Amino acid sequence: MEIKVYKNAEEIGKAAGQLYVDYINANPSCVLGFATGASPVPTYDYIAESYKQGKVSLKGVSTFNLDEYCDIPREHKNSYYTFMCENLFSRTDIDMANVDFLDGNADPDEESARYAAAIKAKGGIDIQLLGIGRNGHIAFNEPGDEFTDEAWKVTLTQSTIDANSIYFDDIPMPRYALTMGIGSIMRSKKIIMIATGESKAQAVKDMIKGPVTPACPASILQQHGDALIFLDEAAAKLL
Ligand code: F6R
């Protein structure tokens, strides 16, 4: 793991965003794995701004996202699909035919097999972007007894519901989601993790300094050969 500590989330957005811009310019047909949530937003802003300034094009880029809620339409304002459209895709020239997403309303087993095959057909994910939950989750792989492999249907924990329900003002937050498994994440060639804020400090410490255990799913990243961790000072506080 390579750890980089920045002053704040905005500085991470610039550094991680520039890394993406450089990577896409060098590899215009790359395959990127994206995450939702607050952590990647400054990075998406930077990429979108770079596109606006003519410094990068996402025309040839293919993407896969980590996860999607079950039991809400894809077009719902709180779906992760909508999140990505608003925060990145609609702000760039990405070809939506190259955007793949887990379908939270599909049969979980069939959808898992479809997603794994689609990722394989593209030659695997070049860079997977991750955030971390306060409980150490990555994607929606919550603390548990074993590391998962391909995409699967997860029952969200109370900690995740508490963290995310603030975004749901018209319907109750879904209780289930489809998520890429730990195995799929680990098969990505490079991983970029962004963690900001003091509420992530304990999870960050467990991820970096603790044992590799499914009780802290992010700890598996210790075993990835190319994992770059961007932290702000608050998230790095307990290191
Ligand atoms: C989202 C995802 C989650 C988030 C995590 C942190 O696609 O996979 O694991 O990365 O819950 O969320 P934020 O960034 O909102 O703190």
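A residue counts as buried when its relative accessible area is under 20%, as exposed when that value is over 50%, and as partly exposed in between. With that in hand, welcome to this structure, which is a predicted model.

**A first look: Ser50**

Ser50 sits in helix H2, which covers residues 41–52. Is Ser50 buried or exposed? Its relative accessible area is 5%, and because this is under the 20% cut-off, Ser50 is buried. The side chain of Ser50 also has a polar contact: it reaches the backbone oxygen of Tyr46 at 2.8 Å.

**The sheet**

Now for the strands. Strands of a sheet pair through backbone hydrogen bonds, either parallel or antiparallel. Here, 7 strands make an open sheet in the order S1-S10-S9-S6-S2-S3-S5, and their pairing is parallel. Which strands stand at the edges? They are S1 and strand S5 (99–100); each has a single partner strand, so one side of each is left without a neighbour in the sheet.

Strand S2, residues 31–34, pairs with S3 in the parallel sense over 4 bridges, and Leu32 has Thr63 in S3 as its bridge partner. Further along the order, strand S9 (residues 190–195) joins strand S10 (residues 227–232) through 5 bridges, again in the parallel sense. Ile194 stands opposite Phe230 of S10.

Strand S3 (residues 62–65) is covered on both faces. Ser62 and Phe64 point to one side, Thr63 and Asn65 to the other, and all of them are buried.

Val5 is found in S1, which spans residues 2–6. With a relative accessible area of 46%, Val5 is partly exposed. Together with Met1, Ile3 and Leu239, Val5 forms a nonpolar patch on the surface, and these residues share about 300 Å² of accessible area.

**The ligand and its surroundings**

What surrounds the ligand? The residues around the ligand are Ala35, Thr36, Gly37, Ala38, Ser39, Leu66, Asp67, Gly131, Ile132, His137, Ala139 and Lys200. On its own the ligand has 410 Å² of accessible area, and the protein covers 89% of that.

**Salt bridges**

How many salt bridges does a search of the whole structure find? The search finds 12.

| Salt bridge | N to O distance |
|---|---|
| Lys4 and Glu2 | 3.9 Å |
| Lys77 and Asp169 | 2.6 Å |
| Arg187 and Asp149 | 2.9 Å |

In the pair of Lys4 and Glu2, Lys4 is partly exposed at 29% relative accessibility, and Glu2 is partly exposed as well, at 44%.

The bridge between Asp169 and Lys77 links distant parts of the chain, 92 residues apart. Asp169 lies in the loop between helix H5 (158–164) and strand S8 (176–179), while Lys77 lies in the loop between strand S4 (67–69) and helix H3 (80–87). Asp169 counts as exposed, at 65% relative accessibility, whereas Lys77 is partly exposed at 44%.

Arg187 is in the loop between helix H6 (182–186) and S9, and Asp149 is in the loop between strand S6 (127–130) and strand S7 (152–155), so the pair ties together parts that are 38 residues apart in sequence. Arg187 is partly exposed with a relative accessible area of 48%, and Asp149 is partly exposed with 41%. Elsewhere, salt bridges that share partners join Asp100, Glu111 and Arg114 into one network.

**One more loop residue**

Asp145 also belongs to the loop between S6 and S7. Its relative accessible area is 79%, and because this is over 50%, Asp145 is exposed. The C-alpha atoms of Asp145 and Pro217 are separated by 9.7 Å, with the two residues 72 residues apart along the chain.

Technical notes
Residues numbered from 1 in each chain as written. Predicted model: local features only at pLDDT ≥ 70, side-chain atom pairs only at ≥ 80, totals over all residues. Heavy atoms only, no water. Patch = residues over 30% accessible without salt bridge, like charges linked within 9 Å, V, L, I, M, F, W, Y side chains within 5 Å. Areas by Shrake-Rupley, 256 points an atom, 1.4 Å probe, with all protein chains shown as cover. Salt bridge = Lys/Arg side-chain N within 4 Å of Asp/Glu carboxyl O. Helix = DSSP H or I, 4+ residues; strand = E, 2+ residues; numbered from the N terminus. Buried < 20%, exposed > 50% of the residue type's maximum accessible area, 1.4 Å probe, protein only. Near = heavy atom within 4 Å. Pairing = 2+ DSSP bridges. Polar contact = N/O pair within 3.5 Å; in protein donor to acceptor, adjacent residues only side chain to side chain.
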